[in-house]
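Take a look at the fold below.

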Amino acid sequence: MNRRQDRPVQVMIVDDHAVVRRGVRAYLEALDEMAVAAEAADGQDALDQLAGMAVRGTLPDVILLDLLMPRMDGVLAVSLITGRYPAVRVVILTSFGEMERVHAALAAGAVGYLLKDAGPDEVAASIRAAAVDGTYLDPAIARRLTREITAPRTGLNALTGRERAVLVLVAEGRSNKEIADALVISERTARTHVSHMLRKLQLTSRTQAALVAVREGLLPPQAPRTRSDAR
């Protein structure tokens, strides 16, 4: 990032809880090296504001973004932000540490992932790292990623908790939209989870997935109701 070194890092805070935004703002504004450029209540609000900031040439350097917000799934917001504004870096600040969320956020373009129990110093460190094209991960997240790399899993053990839930819903005959509604995620994210689940299990159809779920005891034995939704 070609950020001018003689000015504070400009930060946008995106979270649907005003108290979180106020807390983060208060801390950042106490640091000479950082300034809060804007606040947004959700991903769509952030995109709307970024469009205007781009016109004025005032885009933030770093965005602190929650994952679970109304109107737009956080992973989708990351993807759209990094796609439209590649110079803007996104750091996730969320309460959710499930590895499927971590993988999805990083795949969408996030350069950092923090849990909301992180200390102020960690938040500042993540922003500093992002501002110079670095990456910062919550220590617990980093350890899990390391374990995944050093001890690859196979079969059902290769699935994340979310992907196991998706497998059960697929076996119940749920469509991608119904899966999205059940898990409170976007349909696009649900489709991605289904695709990842099938790939990890080396399956080619939802019917095969349903049979695996029954065989592994995730569902009682019965004729699976599958649909032909595109993955």
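Predicted model: local features only at pLDDT ≥ 70, side-chain atom pairs only at ≥ 80, totals over all residues.

How many of the six residues of β1 are buried? Five are, which leaves the strand mostly covered.

Start with the pairing of β1. Strands β1 and β2 run parallel, paired over six bridges. Val11 has Val36 in β2 as its bridge partner. Between these two strands the chain passes through helix α1, residues 18-29. This β-α-β crossover is right-handed. Strand β1 also pairs with β3, again in the parallel sense, over four bridges.

Now widen the view. Six strands make up an open sheet with parallel pairing, ordered β2-β1-β3-β4-β5-β6. The edges are β2 (34-40) and β6 (136-137), each of which pairs on one side only. Helix α5, residues 120-131, packs on this sheet. It touches β1, β2, β3, β4, β5 and β6. The direction of α5 makes about 140° with that of β3.

Move on to β3 and β4. Strand β3 covers residues 62-65 and pairs with β4 in the parallel sense over four bridges. Val62 has Arg89 in β4 as its bridge partner.

Finish at Arg89. This residue belongs to β4, which spans residues 89-94. Is Arg89 buried or exposed? Its relative accessible area is 18%. The cut-off for buried is under 20%, so Arg89 counts as buried. Its side chain also has a polar partner: a contact of 2.7 Å joins it to the side chain of Asp133.

Conventions
Residues numbered from 1 in each chain as written. Heavy atoms only, no water. Buried < 20%, exposed > 50% of the residue type's maximum accessible area, 1.4 Å probe, protein only. Polar contact = N/O pair within 3.5 Å; in protein donor to acceptor, adjacent residues only side chain to side chain. Pairing = 2+ DSSP bridges. Contact = heavy atoms within 4.5 Å. Axes fitted to C-alpha atoms, helices over the stretch in contact; angles between N-to-C directions. Right-handed = clockwise from strand over helix to strand, strands pointing away.
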